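Me: I would like to go through the terms used for this protein chain. Please set each value against its cut-off.

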Amino acid sequence: MNENSNKKQNKGGRTPKTDPSIHRHVFRLTDEENAKLLSLFEASGMPNKAKFIISLLFSKEMKSVKIDKGTVDFYMRLTSFHSQFRSVGVNYNQIVKLLYKNFSEKKAAAFLYKLEKQTAEMAMLCQKIIQITEEFEAKHLKK
């Protein structure tokens, strides 16, 4: 019986915090101020409004990340175009090998002449794309 009285009884529940937040402050905002606070909160990406306000009050570091959907879309299209451009280069090498393997020198040279014209047009197109990309970066991707 002595052993049973020495054991602590478990009351259950959550273990108490070492430093609980027990102080509460209330303030009121106008519609404009509330809209501004909410937009800052959404831009911060923090999961909790209370922690966001505390970080603003005590000047803790707050990060705000904005994602421009147009820029992301442009980047994705440019990436897919680049992969298509590489596949064209691989096909170009395969065509040249097949031309020399299956045709006479004269016919292969004629086909290669046509292929060179198309390649020159594609190179000009690539230069235009690079120019457009640089303009886009200069105008819209400010760091």
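Me: What should I know about the model before we start?

Reply: This is a predicted model, in which local features need pLDDT of at least 70, side-chain atom pairs count only at pLDDT 80 or more, and totals for chains, interfaces and linings use all residues. Residues are numbered from 1 along each chain as its sequence is written, and side-chain values use heavy atoms, with hydrogens and water left out.

Me: How many helices and strands are there in the protein chain?

Reply: The protein chain has 5 helices and 0 strands. Helices (H or I, at least four residues) and strands (E, at least two) are DSSP runs, numbered from the N terminus. From the N terminus on, the order is α-α-α-α-α.

Me: Why are H4 and H5 called roughly antiparallel?

Reply: Helix H4 (residues 69-102) and helix H5 (residues 105-140) pack at about 165°, with axes 12 Å apart. Axes are lines fitted to C-alpha atoms, for helices over the stretch in contact, and angles run from 0 to 180 degrees between N-to-C directions. Angles under 35 degrees count as roughly parallel, over 145 as roughly antiparallel, 65 to 115 as roughly perpendicular and the rest as oblique. H4 and H5 are therefore roughly antiparallel. The residues in contact (heavy atoms within 4.5 Å) include Phe 74, Phe 81 and Tyr 92 of H4 and Leu 112, Met 122 and Phe 136 of H5.

Me: What makes H2 and H3 roughly perpendicular?

Reply: The angle between H2 and H3 is about 100°, and their axes are 11 Å apart. By the cut-offs already given, H2 and H3 are therefore roughly perpendicular. Among the residues making this contact are Leu 37 and Phe 41 of H2 and Phe 52 and Leu 56 of H3.

Me: How many aromatic pairs are there?

Reply: Rings of Phe, Tyr and Trp (its six-membered ring) pair if their centres lie within 6.5 Å; planes under 30 degrees apart count as stacked, over 60 as edge-to-face and the rest as tilted. The count is 2 aromatic pairs. Phe 41 and Phe 52 lie 5.6 Å apart centre to centre with 65° between the planes, an edge-to-face pair. Phe 41 is in helix H2 (residues 31-44) and Phe 52 in helix H3, so the pair ties together parts 11 residues apart in sequence. Phe 103 and Phe 111 are 5.4 Å apart centre to centre with 55° between the planes, a tilted pair.

Me: Are Phe 41 and Phe 52 buried or exposed?

Reply: Both Phe 41 and Phe 52 are buried. Buried means under 20% relative accessible area, exposed over 50%, partly exposed in between (1.4 Å probe, protein chains only).

Me: Why is Phe 103 called partly exposed?

Reply: Phe 103 has a relative accessible area of 37%, so Phe 103 is partly exposed. Phe 111, at 35%, is partly exposed. Of the 143 residues of the protein chain, 8% count as buried.
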